[in-house]
Each structure stands twice: as C-alpha cells, then as structure tokens.
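Subject: Structure for your review

Dear colleague,

Please find the structure below, together with its sequence. My notes on what was found in it follow.

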Amino acid sequence: MAGRMVVGATALSAVAAGLVRPASEPDPAGGHRLLPVVPELTALLPNRGLRRGTTVAVSSGRPARGGGSSLVLALLAEASRAGSWCAVVGVPTFGAVAAADAGIALDRLALVPHPGPEWATVVAALIDGVDVVVAAVPPGLAPSVATRLAARARQRGSVLVPYGPWEGADVTLQVMRGMWEGLGQGRGRLRRREVTICARGRGAAARPKEVKVWMPGDGATRAGGAPHPVRTGGPRPASRRAALTLVGGTA
Amino acid sequence: MTGPVRTLLVWCPDWPVIAAEIVDGVPATTPVAVLHANRVVACSEAARAEGVRRGLRKREAQSRCPQLTAVDHDPGRDARAFEPVVAAVEEVAAGVEVVRPGACALAARGPGRYFGGEERAAEQIVEHVAQSCGVESQVGIADGVFAAGLAARAGRIIEPGGTPPFLADLPVAALGRPALTDLLRRLGVRTLGDFAALPAGDVLARFGFDAALAHRLAAGRDHRPLAARRPPADLDVTDTYDEPLDRVDVAAFAARSLAERLHDTLARHGLACTRLGIEAVTEHGQELHRVWRHDGLLTAAAIADRVRWQLDGWLAGQGRPRPGGRAAPPRPTSGIIRLRLVPDGVLAHVGLQPGLWGETGEERERAHRALSRVQGILGPESVVTAVLGGGRSPVDQVRLVPWGDERVPTRPGPAASPDAPPWPGRLPSPAPALVLPEPLSAAVYDAAGEPVAVTARLEVSAAPARLAIGTRPPVEIVGWAGPWPVDERWWAPAEARRRARFQVGLADGTALLLSLAGGQWAVEAIYD
C-alpha cells in the first residue's frame with residue numbers, strides 16, 4: 001500500500017514536470033492531432049481543442065466589436081504553453097505584454113508585422129513549419145487564395161487562425177459583446193471584461209454556441225507560467241478538470 | 001640556455017587619450033584627462049604642461065588646469081582603437097603580440113634583418129603606423145619585453161647585451177608594482193640596479209613570488225617568449241563564373257557546391273558559424289550583400305538554402321512592384337559572375353546537443369526553416385520576436401528583435417533578476433492587447449464641450465465626457481481613471497518625456513489608454 005503510494009507520488013511529480021505521459025492518456029497519434037486551449041473556450045470548439053489541419057477564424061464582426069485580439073491571445077495561450085510554435089502575421093499593433101500575460105511563450109512566437117503584398121506566400125510558408133498561424137486577413141483577399149491556404153493547413157497539420165472576414169472556416173469565433181469592469185468616474189482601473197463569444201461553423205460545429213467568459217481569466221492558477229498546475233496532497237477541490245484526469249491516470 | 005628574446009616594442013604615448021580622440025572625437029591637442037575611479041589614468045601633452053599627472057584626483061587636476069576635458073576610462077574603447085595600429089604593424093612585420101592597448105611587441109630579429117638594421121626597421125614601423133593610422137608611436141628595442149617597453153619610453157635602441165646596464169639606472173617605479181616600489185623605496189632600494197643586486201633567494205623569501213619575478217625583470221632576465229597574435233584564418237570562399245548565372249536554379253546549384261566548400265573549410269578548422277554574409281556580384285558590377293543570422297549552427301544545407309533564398313529574392317522576386325514596402329534592391333541587369341560566402345560570428349564547433357526530451361528537436365527545426373524562409377522572402381528584419389524588458393508603457397516594455405538574433409531586452413525588466421529596477425509607475429495589468437507604434441492624436445472634451453486639461457498639480461479641469469480620435473465623430477466616455485503622471489528621464493533634456501495617462505472606457509464597450517503630453521491628447525493603446 002505504502003509502496004504504491006510512493007510510486008503514485010513519483011509518477012505525479014513526473015507528470016507535473018511534463019516529462020512522462022500517463023498510459024491512460026489518448027495515444028499520441030490522436031492526442032497530437034489536438035492542440036489544447038484554455039478550459040473556458042473548450043465548449044466552443046468541436047473537439048474541445050484546436051484540431052490540427054483546421055481553420056479557426058476569429059472575426060471582429062460587423063460593426064467591429066472589440067475583444068478580437070484578446071480572443072486570439074486566449075486561443076493561442078494553452079497551445080503555446082504546451083510547446084507549440086505560433087506565428088502572427090500582419091498585426092503591427094500586437095501587444096506582446098498582453099500575450100505574455102495570457103501565457104504565450106514569447107520565444108516560440110514569431111511576428112511578421114508587415115507582410116505587404118507577399119501575404120499569401122508568407123502565410124503559406126509559415127503553415128509549413130509553425131503549429132498555429134494567426135493571420136490578419138487583408139482587405140479584398142481572393143476566395144481562391146483563402147481556399148488554397150486552408151487546404152495547405154489541412155495537408156500540413158497546422159492550425160490556421162485567420163483574423164478578419166474569412167469564408168469557409170471550420171469554426172468562426174466572434175465576440176458579440178464585451179463590457180469592461182472596474183472603471184469609475186475618475187477612479188478605479190480596468191480590471192476584467194465579460195466577453196460573450198459566439199461560435200458557428202460547419203459539420204459538428206454547425207449549431208451556434210455562445211459562452212460568456214472573463215478576460216483576462218479570473219483563475220489565479222492561470223496567471224503563472226507553470227504548465228498544468230497540479231495540486232498534490234491535501235483536500236482537492238473537484239473543480240479542476242486537469243487534476244481530475246490526473247487522479248484517474250495514476251490510481 | 002638562450003637569453004631573452006630580442007624584442008621590438010611599439011608604444012603609442014598616452015594611448016587612452018588618443019583612443020578617446022579616435023573613437024569619441026575628443027581633440028587630443030587640448031588638455032584631456034582620462035579618469036578611472038576619480039583618478040587620472042592618462043592625460044594629454046597639453047594637460048601635462050599644466051601640471052596634470054597620473055594618479056591625481058579629478059578635482060585636483062581640474063584646479064591645476066580649469067579647461068581640462070575629463071573622459072571616462074574605457075578599456076574596450078582603448079582596445080578597439082588599437083586594433084588598426086596592430087594591423088598596420090602586422091603589414092610591416094609578422095608575429096605581433098599586443099602587450100596592452102597602446103603597446104605591441106614583436107621579435108626584432110626578423111624585421112631587423114629584412115630592413116637591413118634594427119634602426120631602419122624601427123623607422124619603417126613608426127612611419128607606416130603614422131601613415132596608415134595617423135597615430136604617433138615610439139619604438140624601443142632591447143632584450144625582453146619589459147626592457148623593450150622601457151626603451152620605447154625613452155625611444156632608444158639598446159644594443160644586444162646592453163640591457164642590464166640600461167635597466168640598472170632606472171628607478172624601481174619602472175617595475176609598475178606600486179606596493180613593491182613603495183616598500184623598496186623605504187628600504188633604501190632606489191634603482192633597478194640596486195634591486196637586481198639583491199640575492200634572488202632572499203627576494204623570494206622576503207617579498208614573495210611576484211617580487212621574485214620582478215627581480216628577474218630588473219636584472220634583464222626576461223625569458224618569457226612572445227605570445228604572437230595569430231591572424232584570423234581566411235575562411236571566405238569565393239567562386240567566379242565565366243558563364244554569368246541568370247537563372248535561380250543554376251545559381252542555387254552553384255551555391256550548393258560553394259556552401260559545401262565553406263562547410264569543409266570550417267570543419268577543417270573545427271569551427272562553425274552563426275552568421276553568414278552572402279555576397280553576389282553581377283556582370284555589370286551590381287552587388288548584393290546580406291547577412292543571415294542563425295542561433296543554431298549553420299550546416300551545409302542551411303547555407304545552401306540561404307544562398308538560394310537570397311538569390312531567389314533578387315533574381316526573380318523583384319519583378320513585382322512593392323508598394324509601401326522597404327526599398328528593395330533593383331533587379332540585376334545581368335547575370336551573377338561571382339558569389340562569395342563570408343562566415344561571421346565564428347565559434348568553436350563542439351557538436352550540437354539536441355534536447356533530451358525532444359522539445360528542441362524536430363518541431364523547432366521545422367519552425368526555424370519556415371521562419372528563415374519568410375526571412376528569405378521579406379528580409380531578415382521582417383520576422384521578429386518580442387522580448388519583454390522594463391519600462392512604464394507597453395511600447396517601452398517590448399523590444400522586437402529579428403528572428404535568430406540574441407533575445408536581449410532594451411531595459412532590464414522586473415523579471416530579469418531580483419535586483420532589477422522595479423519601474424514604479426508601470427501600468428497595472430491587464431496589459432492592452434493592441435499597442436499602437438505611433439500614437440493616434442485625439443481630443444477630449446468635457447460635458448460643456450470644452451477641451452479637458454490637466455494642471456501642473458495634476459488636477460483635471462473637468463470630467464472627460466467625449467473623445468474624438470483623429471477626424472472621427474466624438475464618442476461618449478462612460479468611465480475614466482487618471483491622471484497617472486509619468487515623468488521620465490527628466491535629467492536628459494533630449495529624451496525627457498512628461499505625460500499624464502488615463503484609462504478611458506467608451507460607450508461602445510472599448511477601453512483605451514490615453515496620454516496627455518504638452519496639451520496634446522493621444523491614444524497609446526487599445527484594450528481590445
């Protein structure tokens with residue numbers, strides 16, 4: 001009994017360090033096809049994550065509502081933290097501090113602020129080698145180019161995240177409403193924002209879904225840079241999905 | 001046993017002062033003093049005439065010579081400025097050792113024979129240094145580096161075997177060991193001759209090892225051989241083509257063989273390069289040079305890829321116009337006749353160690369290839385990665401470095417180390433998701449339609465009610481906070497920035513970071 005507990009504890013710490021994959025987790029072939037996203041957004045995506053080879057568009061909506069950039073950062077955060085490489089094309093105003101706060105590893109994030117007329121070539125080149133490619137869609141993009149890029153992403157197993165109007169995405173995320181909290185008349189400061197995100201798409205995602213999330217997220221556990229915070233020992237609140245999965249894996 | 005090496009030493013007087021003139025443009029003909037830790041390290045001739053000496057305090061030096069220009073001591077600057085002098089000496093004679101910035105030594109025998117006499121050789125060297133660098137120098141020749149250094153100060157050539165008598169008359173201060181000199185003086189030992197006359201065993205027992213070494217030098221027994229500088233190996237590879245290359249595939253093929261040659265050269269020297277300059281010259285004399293960086297090590301295939309991308313961009317890519325883009329080199333009017341690869345950032349190749357758990361392995365390699373490809377299309381500066389540093393505004397905190405370069409922040413940030421500056425007055429989190437590189441000018445009005453102002457005591461004239469960005473119609477402000485004053489670098493008038501910042505929430509749900517500087521409102525960032 002005691003021996004088993006010791007073995008369990010060692011395995012737990014190994015999992016915490018991200019070194020060992022418990023045998024009960026899905027096999028790599030399936031697991032590696034899916035990049036993780038923050039728990040708040042899993043409900044919006046058909047596979048509860050970013051499936052490799054798909055196109056997940058983030059639309060700012062018409063008329064433009066704020067919050068799209070934060071949504072993109074939230075979408076990238078968990079994948080980047082898990083070791084994926086990301087690239088952002090055509091966003092010269094990218095807020096790197098906000099990205100780091102969201103949990104994106106900046107040393108695995110490449111920015112191409114001004115792709116110019118070579119936009120399609122650059123995005124295609126990035127799809128070849130980077131796991132998640134965020135691309136601000138230039139105005140007047142030909143639908144044929146869009147189709148070609150989506151096909152390339154499908155073939156190469158990257159996730160293409162067009163930011164702007166995009167036809168034919170597997171899932172389109174759109175910020176419907178966003179209200180900031182914490183600002184008064186001459187006092188206070190911006191603290192967080194309640195954002196309503198709507199997802200619609202094709203196939204399994206055809207039915208529109210809507211969730212309300214806080215941005216930046218209110219979980220204190222998400223603020224740090226540690227991957228998958230795992231609590232070992234002590235009374236464990238049953239709210240964290242990751243912790244729960246882990247118990248099933250080691251018991 | 002062989003005696004001390006006959007040494008020729010080239011000495012540039014007051015080198016720190018000369019280096020300051022070369023690098024920083026401080027005229028050395030005026031009174032100049034180079035100070036380190038508030039003491040004069042070196043001074044110009046004009047300053048010396050006014051009574052400035054080495055070792056004086058800054059205030060004392062300035063009292064003797066009020067028009068004195070004080071320059072901070074910078075060993076790096078001295079060494080950098082000395083490099084061309086060494087190169088000039090190397091053009092005349094081989095095997096140069098840099099003793100310290102301002103002095104270099106070489107074996108006197110070779111040049112002495114070649115130029116037909118040591119005096120002639122000394123003249124040649126002084127003249128060549130003066131001609132190619134415009135630097136005054138003196139030469140001394142003696143047995144051993146130490147004696148040659150003292151001879152150079154006197155500008156003398158000591159005949160072979162005459163070194164011990166030459167040294168005997170010099171004061172003990174010439175040893176350059178202040179503590180030992182002080183002690184010897186108090187013991188009544190005033191010249192190097194007196195010191196050399198002491199029994200060596202007693203010197204070692206009484207004064208220690210360093211003094212025993214000094215004792216040998218004082219006696220003219222300087223057996224240390226010259227550690228001659230080895231000129232860097234010539235690693236460039238060049239290929240010329242009789243048939244001009246005007247198609248990318250042909251050029252790429254040529255590049256591949258060139259890359260393999262470069263790789264072989266580097267491998268033979270046990271080196272690897274982290275930066276690579278690729279130079280192409282066309283038949284009509286147009287040149288294209290670009291430096292590629294790589295934070296791993298460039299292999300033969302990687303080199304060949306980079307050559308191909310660069311030529312691809314040059315030979316084929318420029319047919320299309322680039323509106324608003326950077327000035328791209330014009331399409332060459334003829335084929336390429338010469339290709340040259342210049343390795344840069346060369347370091348010893350100790351073998352590449354891939355990550356144990358595979359996290360830096362294949363995926364990283366794949367991403368690197370893709371990003372380098374984009375660099376090939378748009379130029380190396382167009383793919384960047386953000387590095388967080390310190391600063392009070394979101395723009396200051398981020399530095400964008402080209403992909404593959406070292407990730408060093410502009411200012412040390414709070415996360416860098418425990419004793420890093422805390423940057424009081426930073427914006428509270430959450431950070432804005434959109435940061436405008438160029439602030440948008442705006443106007444803020446109160447409920448009565450008057451522009452909102454902030455007094456020197458940070459009182460807001462009235463609550464902001466409407467915001468107009470550029471020429472767009474005004475939008476209602478529903479919440480605001482501020483002013484948060486920032487007064488940065490007030491001690492440097494050219495860089496000083498004084499502004500008050502506000503967070504503003506608008507009726508349509510967006511939130512902005514505004515700043516007010518000199519009566520002008522601007523949008524700095526958007527909380528998107």
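Is Arg186(B) buried or exposed? Arg186(B) is exposed, with a relative accessible area of 62%. Please bear in mind throughout that this is a predicted model.

Salt bridges

Across all chains, the structure holds 26 salt bridges. In general, side chains of opposite charge can pair when their charged atoms come close.

Arg186(B) takes part in one of these salt bridges, its partner being Asp182(B), with an N to O distance of 3.2 Å. Both residues belong to helix H9 of chain B, where they are four residues apart, about one turn of the helix. Asp182(B) has a relative accessible area of 38% and is partly exposed.

In chain A, Asp128(A) and Arg156(A) form a salt bridge in which the closest N and O atoms are 3.4 Å apart. Because Asp128(A) lies in helix H6 (residues 119–129) and Arg156(A) in helix H7 (residues 143–156) of chain A, the pair ties together parts that are 28 residues apart in sequence. Both are partly exposed: the relative accessibility is 37% for Arg156(A) and 23% for Asp128(A).

A further salt bridge in chain B joins Glu488(B) to Arg497(B), with 3.7 Å between the closest N and O atoms. Glu488(B) counts as buried because its relative accessibility of 9% falls under 20%, whereas Arg497(B) is partly exposed at 37%. These two residues also belong to a network of salt bridges that links them with Arg392(B), Asp396(B), Arg499(B) and Glu524(B).

The second largest pocket

The second largest pocket holds about 1400 Å³ of space. Its lining comprises 42 residues, and those nearest the pocket centre are Arg54(B), Arg100(B), Arg153(B), Ala174(B) and Gly176(B). Several elements of chain B give two or more residues to this lining, among them strand S1 (6–11), helix H1 (15–24), helix H4 (75–92) and helix H9 (178–186). Helix H9 of chain B is also where Asp182(B) and Arg186(B) lie. The element that gives the most to the lining is H7(B), with five residues.

By class, the lining has 22 nonpolar, 14 charged and six polar residues. At least three lining residues come from each of domain 1 (6–154) and domain 2 (169–227) of chain B.

Yours sincerely

Note on methods: Residues numbered from 1 in each chain as written. Chains lettered and ligands numbered in written order. Predicted model: local features only at pLDDT ≥ 70, side-chain atom pairs only at ≥ 80, totals over all residues. Heavy atoms only, no water. 1 Å grid on protein atoms, 1.4 Å probe; cavity = no way out; pocket = protein on both sides within 12 Å on 5 of 7 lines; lining within 4 Å. Points joined across faces, edges and corners; volume = space filled by probe spheres on them. Nonpolar A, V, L, I, M, F, W, Y, C, P; charged D, E, K, R; others polar. Domains from an automatic or database assignment. Salt bridge = Lys/Arg side-chain N within 4 Å of Asp/Glu carboxyl O. Buried < 20%, exposed > 50% of the residue type's maximum accessible area, 1.4 Å probe, protein only.
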